[in-house]
Amino acid sequence: MTTETRLPVEASACGKVILLGEHAVVYGRPALAAPVCGLRARARAEPLPPGSGCWIEALDTGERLRLSEAPPDHPLAMAVRLALEHLALPEPDLRLVLRSELPIASGLGSGAAVSAALVRAIFRWAGQSPDPELVSTLVYEVEKRHHGTPSGIDNTVIAYERPLRFVRGQPPVFLAIARPFTLVIADSGIPSPTRETVAAVRMGWEREPDRYERLFDAIAALVREAEDCLASGRIEDLGPLLDTNHQLLRELGVSSPALDHLTRTAREAGALGAKLTGGGRGGHLIALVRPEQAERVARALQAAGARTTYRTEIPATLSMESPLRH
Ligand code: MEV
């Protein structure tokens, strides 16, 4: 294959929030997720002189590695190798520089976003643009190696960059959203790898399968109600569903005193509802707010110990469709 360009190319991938349904989604229940388009991982591919080999540099972590010497399961190397294998390309002479605005181990999908940015950069450098389904499939391979039993929701929402309903093993369904809504996303400042919280839930489920199945079913019911609220524009009704989902996540054992405190603070400051998002025990929470309350809720969260806050708008959409049905 000789289609590689010789100019630097750049690619990026968004972060994500789980609106409702995390953890239960690992056990076959539906979950709703949305992209966070303003927070991104970026990869730049710069050609190197012949014989230099392929180097990956992650500027945020200070990591620098040569592709041919990286362990087989190194996540960055794995993403690059999977893309090259798919394109049937040998190791290129290339410097891949990574930058990410997404904190690691914080529930915003930083791992999947970095993999997706690398995959896209390799394809772009080879003069191709992969469709979202392919990006999702390749990133899922990396996720499986690093998160034990990932449902596939992170790679899917990040690859498609659209709000969606996800059920494990099924094509995503894009959400119908009749009215835009505003989220304040806050960082508890406590890193918490998803692999560990997923493993903790698995242990609980093995110990008390009936109780955990009941909790997963209750979460699934909230997800269905939330989808109706979004489709009919009843944004105010979504708030209590987030609160109940947070309570159920507490019962699953994946909240923490800091997340409970911050979600309570958001509600007291006027949020319509609030919950942890992603793996939990640390990482981020989301607060659903009326736009005019966003500033007040963000300030209250910061005063209560949130490390950072970020406001994002989820726009209205027009139709509900599955990408694999066209
Ligand atoms: C992580 O963003 C969501 C979890 O449900 C794990 C997964 O679905 O793979 C906690």
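What covers the buried residues of α4? Let's find out together, keeping in mind that this is a predicted model.

**Stop 1: helix α4**

Select residues 153–160, which make up α4. Eight of the eight residues of this helix are buried, so the rest of the structure largely encloses it. Click along it and you will pass Ile153, Asp154, Asn155, Thr156, Val157, Ile158, Ala159 and Tyr160. Now show the surroundings. The cover over these buried residues includes the strands β1 (9–20), β2 (31–47), β6 and β7 (173–174), together with the helices α2 (110–125) and α3 (132–147).

**Stop 2: just past the end of α4**

Move on to Glu161. Just after α4, this residue takes a positive phi of about 55 degrees. Then select Arg162, which sits in the loop between α4 and β6 (164–166). Is Arg162 buried or partly exposed? With a relative accessibility of 32%, Arg162 counts as partly exposed.

**Stop 3**

Next, select residues 209–232 for α6 and residues 235–251 for α7. Two packed helices are described by the angle between their axes and the distance between those axes. Here the axes come within 9 Å and cross at roughly 165 degrees. Angles over 145 degrees count as roughly antiparallel, and α6 and α7 are therefore roughly antiparallel to each other. Their crossing is left-handed.

Which residues of α6 and α7 meet? On the α6 side, show Arg211, Leu215, Ala218, Ile219, Leu222, Glu225, Ala226, Cys229 and Leu230. On the α7 side, show Ile235, Asp237, Leu238, Leu241, Thr244, Asn245, Leu248 and Glu251. Colour the contact by class and you will find eleven nonpolar, two polar and four charged residues.

**Stop 3: Thr263 in α8**

For the last stop, select Thr263, found in helix α8 (residues 257–268). Thr263 has a relative accessible area of 0%, so it is buried.

Definitions and conventions:
Residues are numbered from 1 along each chain as its sequence is written. This is a predicted model: local features need pLDDT of at least 70, side-chain atom pairs count only at pLDDT 80 or more; totals for chains, interfaces and linings use all residues. Side-chain values use heavy atoms; hydrogens and water are left out. Axes are lines fitted to C-alpha atoms, for helices over the stretch in contact, and angles run from 0 to 180 degrees between N-to-C directions. Helices (H or I, at least four residues) and strands (E, at least two) are DSSP runs, numbered from the N terminus. Angles under 35 degrees count as roughly parallel, over 145 as roughly antiparallel, 65 to 115 as roughly perpendicular and the rest as oblique. A crossing is left-handed if the near helix is turned anticlockwise from the far one by less than a right angle, and right-handed if clockwise. Contact means heavy atoms within 4.5 Å. Ala, Val, Leu, Ile, Met, Phe, Trp, Tyr, Cys and Pro count as nonpolar, Asp, Glu, Lys and Arg as charged, and the others, Gly among them, as polar. Buried means under 20% relative accessible area, exposed over 50%, partly exposed in between (1.4 Å probe, protein chains only).
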